[in-house]
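Please read it beside the sequence and the coordinates.

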Amino acid sequence: MRNEVVNIIGSHILKILKYSDVTPYNLYLDRRKFVEALGLTSLAFVATPIAAKQNYSTRAKANTIEEITNYNNFYEFGTSKTDPAKYAHSLRTNPWEITFEGISQNKKKFDIAEIIKGKAIQERVYRLRCVEGWSMVIPWIGFPLRDLINELEVDNNTKFVAFETVYRPEEMREQKRATLDWPYREGLTIEEALHPLTFIATGLYGKELPNQNGAPFRLVVPWKYGFKSIKSITKISFKKEQPYTTWSSENPREYGFYSNVNPNVDHPRWSQATERVIGEGLFGKRRKTELFNGYIEEVGDLYKGMDLKKYY
Amino acid sequence: MTFSTLFRSLPISLLYCVLLTPIPLYFYWGIVNELGPDPLRYLEHKYGELGLIFLLITLSISPLLKYAKINLMRYRRCIGLVAFYYIVSHVCVYFFLDIGLSIDLLLSDLQKRYYIIVGFFAFITLIPLALTSNNFALRKLNIKTWNKIHSFVYIATILSIFHFILMSKTWTGELYFYTAIIIIILILKIKSTKIYKKLSTYSNADISK
């Protein structure tokens, strides 16, 4: 647990990279070394060098770019894990606009470039735990969602934030079929959306976000099951009532609105106590799943007193 | 030599070799990490899916003879046993690699997980069939008993498809496909049963009145 927390603090030390000078992948490892060195010196003020070293010698090793880009659940391109890598290239991500609802300013549509401009682009190495029982570690590039929300004139009494994936059946082949009730929708409480861990990813491994990972603009909520981290967002609405969310409407008994990672609350059809770590190979051992995916120190307060078995 | 005579003269042992080769081959690819980011799940699903496919082929052989006059009866036992070997491999991957030989996990899965329970029963149902798929058993057993035992293959296949449906997050193309095939096979089977024939002659008689 302690190691985990230290890791998060580590990833909080912001690596101030401008999106425009994001490094090509072959230079990425050098950049990481450089950033690590930077992090080490800045952390030296608050911690001993030994603790600082632990921050960066991540116990959880990041998955390879091949693993992260070839094993995806993105049903808009097909239900197989390999479909998104095969078919996601057909999605046009430039230009890309995001529409906002529940804000009082006149301008409600923003080009993605306008949103990213001026934001301190950071790297966050997060665990991703899928509701299906597997996990990965992914080095995202982007900015905290709160940085965006704080720039908007959000309506008073907002209690929830709703997100919507783009609906373009011509570019997303599975949307021609009724696999899910398209467009894909997800939501968070406003407290969850404003949490510093809640992240908007626009890149991955120091590169632009590949289409199969939710380009050009996706949510990452590391303490919730992966399906909450909605991809290719075109609409964000601030609401007073709990919004429609795809999986919890598809099968409310199996998928809840909160869907926090919790080893003690099983999926009705399978256990959530352990997870298979992608990249460990055929003989890899299962890993014990942690409450809130190991981010309990950060997000535990959000759910204080809540019956997690009832609000799964 | 025409295609059909070539096909008819195909030695059974060669057929076994060809149909079973994917088992060690996929396992080897799994070891050398050629099965994608999640080799365990890939191997488990592949063996299971191939097991189901061979079960469906076994069940199609008799309607193929009846409705299309294609005679593959000679290969039915072989294909049925091949299906069983795939399913044994599937169960082995689950037990040895997926849950890592843990009896605790196995017991809790068998108590709580519907898809494991259903899959487990499908596997158990197939064991007597596999054990009696040889000339010795055929000679020893009364043909009626033998036929009765082997009609369990329908139950095993229905359980297998349920196992597949229950573990899926949503209805995929493959699921629709396999379910459609099994429904067609079942309709044809029901049509050929004595009870159905009796009932349909009765209802025809009613209409003619």
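A residue is called buried if 20 or more other C-beta atoms, placed from the backbone, lie within 10 Å of its own. The model discussed here is predicted. Because Val220(A) has 24 C-beta neighbours inside 10 Å, Val220(A) counts as buried. This residue lies in strand 9 of chain A, which covers residues 218-220, and, when neighbours within four places in sequence are left aside, Val220(A) is in contact with Tyr126(A), Trp140(A), Phe199(A), Ala201(A) and Ser229(A). Between Val220(A) and Lys235(A) there are 16 Å from C-alpha to C-alpha, at a separation of 15 residues in sequence.

Chain A also holds an open sheet of five strands, in the order 2-1-10-5-6 and with mixed pairing. Its edges are formed by strand 2 (109-111) and strand 6 (185-189) of chain A, each of which pairs on one side only, and the twist from one strand to the next averages 20°. Strand 1 of chain A (residues 97-101) pairs with strand 2 of chain A in the antiparallel sense over three bridges, and there Thr99(A) stands opposite Lys109(A).

The contact between the chains takes 18 residues from chain B and 18 residues from chain A. On the side of chain B that touches chain A, at least two residues each come from the following helices.

| Helix of chain B | Residue range |
|---|---|
| Helix 3 | residues 22-31 |
| Helix 4 | residues 39-68 |
| Helix 7 | residues 114-131 |

Helix 4 of chain B gives the largest share of that side, three residues.

Note on methods. Residues are numbered from 1 along each chain as its sequence is written. Chains are lettered from A and ligands numbered from 1 in the order in which they are written. This is a predicted model: local features need pLDDT of at least 70, side-chain atom pairs count only at pLDDT 80 or more; totals for chains, interfaces and linings use all residues. Two strands pair if DSSP finds at least two bridges between them. Helices (H or I, at least four residues) and strands (E, at least two) are DSSP runs, numbered from the N terminus. Axes are lines fitted to C-alpha atoms, for helices over the stretch in contact, and angles run from 0 to 180 degrees between N-to-C directions. Two residues are in contact if their C-beta atoms, placed from the backbone, lie within 7 Å. A residue is buried if 20 or more other C-beta atoms lie within 10 Å of its own, exposed if 12 or fewer, and partly exposed in between; C-beta atoms are placed from the backbone.
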